[in-house]
Amino acid sequence: MTALIWPEIYFVRHGETPWNAERRYQGRKDIPLNEKGQGQADQNGVALAALFAARGLDPMAFEWHASPLNRTRDTMDRVRAGFTTPLPPVKYDVRLMEISFGVLEGMLFEELPANMAHAPGRRTESYWEYRPENGENYRDVEARLEQFAHTMTGPSIVVAHGGIARTLRVLIERAPILEVINWAPPQDAIMHFTPGKMELLRAE
């Protein structure tokens with residue numbers, strides 16, 4: 001079996017939503033960006049366009065992929081607005097949707113029952129396998145992202161979610177699960193993935 005080779009990816013997490021600000025499990029709930037999140041997405045667009053110009057990259061030579069949820073669609077629109085040149089169409093893919101937290105969605109981190117104490121900062125490596133009722137675990141997300149990777153034909157710009165960023169760090173960077181399970185993927189930076197590496201890029 002041939003090993004999966006990932007293309008170069010410039011990854012943007014969607015901007016902040018009211019539920020992010022409240023520390024509430026979001027998952028598949030279609031929550032829009034708040035004002036801060038809109039500003040983060042706008043700034044990431046400006047930063048990405050400047051980065052492409054500085055590196056001599058042609059945005060037309062990249063595939064543009066995004067999760068179909070409204071917060072990622074809005075973020076993608078705002079990122080693309082940072083460019084002044086023509087861009088390829090966006091390909092929306094359900095496999096880029098956030099991990100489903102099932103029955104936990106809508107709950108504040110502080111409201112979790114003792115037997116569901118899996119808020120960021122308190123997760124152990126075993127959380128990667130934890131699947132809440134009617135939800136997914138990170139192994140499920142790995143499987144659908146590997147399926148998605150087979151549809152990619154070249155370097156890509158991807159706008160998606162925090163859970164997707166964590167999983168890509170494991171799949172592409174080969175980061176230890178214990179390192180990423182409590183990591184908060186930034187909403188004001190660009191994540192540049194190349195085989196075995198992830199670098200965070202922020203506007204100067």
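User: Which residue in β6 is the bridge partner of Phe 193?

Analyst: Strands of a sheet pair through backbone hydrogen bonds, either parallel or antiparallel. In this predicted model, where local features need pLDDT of at least 70, side-chain atom pairs count only at pLDDT 80 or more, and totals for chains, interfaces and linings use all residues, the partner of Phe 193 is Met 198 in β6. Residues are numbered from 1 along each chain as its sequence is written, and side-chain values use heavy atoms, with hydrogens and water left out. Strands (E, at least two residues) and helices (H or I, at least four) are DSSP runs numbered from the N terminus, and two strands pair if DSSP finds at least two bridges between them; β5 (residues 190-194) and β6 run antiparallel and are joined by five bridges.

User: What is the order of the strands in the open sheet, and which strands stand at its edges?

Analyst: The six strands follow the order β3-β2-β4-β1-β5-β6, with mixed pairing. β3 (90-92) and β6 (197-201) are the edge strands, each having a single partner strand, so one side of each is left without a neighbour in the sheet.

User: Which strands does α5 touch where it packs on the sheet?

Analyst: Contact means heavy atoms within 4.5 Å, and by that criterion α5 touches β1 (9-13), β4 (156-160), β5 and β6. Angles run from 0 to 180 degrees between N-to-C directions, with axes being lines fitted to C-alpha atoms, for helices over the stretch in contact; the direction of α5 makes about 25° with that of β5.
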